[in-house]
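Let's walk through this structure together, one piece at a time. Please have the sequence and the 3D view open side by side.

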Amino acid sequence: MLIRKIKVLIVDDSAVVRKVLTSLIDAEHDMEVVGTAPDPYSARDKLVSLKPDVMTLDIEMPRMDGLTFLKKVMAHFPIPTIIVSSVTRQGCDTSMKALEIGAVGVVPKPSEAYSIESIEPQLLQAIRAAAMVRVNTSPVPKAEPHHSEAPAPVKNVITSITTTNKIIAIGSSTGGTEALKDVIYKFPPNTPGIVVVQHMPAGFTQAFANRLNDHAQIEVREARDGDAVTPGLCLIAPGDFHMVLRRDGARYLVRIKKGPQVWYQRPAVDVLFKSVAEFAGSNAVGCILTGMGKDGAQGVRLMKDAGSINIAQDEKTSVVYGMPKAAFETGAIDYVEPLGNIAHKIMEVIHKKMR
C-alpha cells in the first residue's frame, strides 16, 4: 500500500542548511521535500504552487524576517509551521513570538551549519506532529492576561486555599504553549502548586516560562533542582531534563535529572506523572492538554489508581488530539473539557478535594 508522504517546504537562507535538511527528510519513508526557498518572497510563491503540508522556517533571513513572513502566511495561506531557530536569548524570545503567531513547534538550530544533522530526531518528530495539526483559518482568540475577569466561582474557591497539600500536574506537547497560556492565565494568585511538562527543546523553556510569567497572576518559572512546590507557583520542566515530584517532610519539591528519553521525549509527562502518583496520590489533580503521541497516558493511569482526579482537553479544541485521546482510552480521565473551561474545572475539583 502506498503511503501518502508529508510534503515539506524548507525556508532558510543557508544553502548548506537547506541541503542537509533536504537529505534528512528525503531519507524518511513518510515525508519528502517538495521545495526549498532562500527567502520569504521565494517561499511565498512555492507555498502557492507546491501546496506543502508542513513548512520549516528560519527566523533571521534577508529581505523579510521570519516573523513578518509568518504573520502574512497565517493570515493568507495558513500552514503548520516549524521554527528552526538558534538557541540564543534573542532566538528563543523570537521563537516564542512565532508560536504565539501560529507556529506549531520549535527545533533548535546548532550554531554551526555543518552540525545541522544533530537535530534530526527532533526535526522529524516535529514534522510528523505538524502534519497532524488542524490549521485554524480563522483568527484564534488570545489567552486573556491577568487583568481580565476570571469566572467568579474560581475566584471564590481559591481565596480559601492556603495549603501546600494539593498538587496540579499538567502535561502538553504540540499546541501546548498556547493552550498552557489559556489555562495558567486563569489561575488566581494562591492556586495550589503546579508542575508542568511541555515538550520543548533545551534553551527554550526559560523563555517560555518568562513569557507566561509576564501576564499570569501566579509566578511561573523554569524549575531548578530542589525547588519547593508552593501555592501560587508554577514550575516548568527545563528542556532536555526530566522533572519528578518528591516529598520532603510536609512539603513537596522537584528534582531535575537526566535519564533516557520516554516516548522520544525529555522531559516526559509520564516521568512526572508517575512521581506525582507516588508522592501526591489523592492530593493531585492531573491534566493532559493537546499533543501528539501517548506521553502521559501511563502516568495518568497511575495517578488515577493512586486517587487523583484527572482532566483532558477535548478533541475539538486540541491542536493535535493525540495525548488527550491516549489518556482517555486508559479509562483514567474523569472530565473531558474544552480548553476554555479547563482552569475552572481544575479549581472546581480542588475545591471538592478541600471539603
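The tour below goes from a sheet to the helices beside it, and then to a pair of strands elsewhere in the chain.

Keep in mind that this is a predicted model. Begin with the open sheet of three strands, whose order is β9-β12-β11 with antiparallel pairing. Its edge strands are β9 (228-229) and β11 (242-248), each of which pairs on one side only. Seven bridges link β11 with β12 (residues 251-257) in the antiparallel sense.

Now follow α9 to its helical partner. Two packed helices are described by the angle between their axes and the distance between the axes. For α9 and α10 (residues 297-305), the axes come within 7 Å and cross at roughly 10 degrees. Angles under 35 degrees count as roughly parallel, so α9 and α10 are roughly parallel to each other. On the α9 side, D270, F273, K274, V276 and A277 meet A297, Q298, G299, V300, L302 and M303 of α10. The residues of this contact comprise seven nonpolar, two polar and two charged.

Finally, turn to β5 (residues 105-109), where five of its five residues are buried. In a regular strand the side chains alternate between the two faces of the sheet. Here G105, V107 and K109 point one way, V106 and P108 point the other way, and all are buried. Strand β4 (residues 81-86) runs parallel to β5, joined by five bridges; I82 has G105 in β5 as its bridge partner.

Key
Residues are numbered from 1 along each chain as its sequence is written. This is a predicted model: local features need pLDDT of at least 70, side-chain atom pairs count only at pLDDT 80 or more; totals for chains, interfaces and linings use all residues. Side-chain values use heavy atoms; hydrogens and water are left out. Two strands pair if DSSP finds at least two bridges between them. Helices (H or I, at least four residues) and strands (E, at least two) are DSSP runs, numbered from the N terminus. Axes are lines fitted to C-alpha atoms, for helices over the stretch in contact, and angles run from 0 to 180 degrees between N-to-C directions. Angles under 35 degrees count as roughly parallel, over 145 as roughly antiparallel, 65 to 115 as roughly perpendicular and the rest as oblique. Contact means heavy atoms within 4.5 Å. Ala, Val, Leu, Ile, Met, Phe, Trp, Tyr, Cys and Pro count as nonpolar, Asp, Glu, Lys and Arg as charged, and the others, Gly among them, as polar. Buried means under 20% relative accessible area, exposed over 50%, partly exposed in between (1.4 Å probe, protein chains only).
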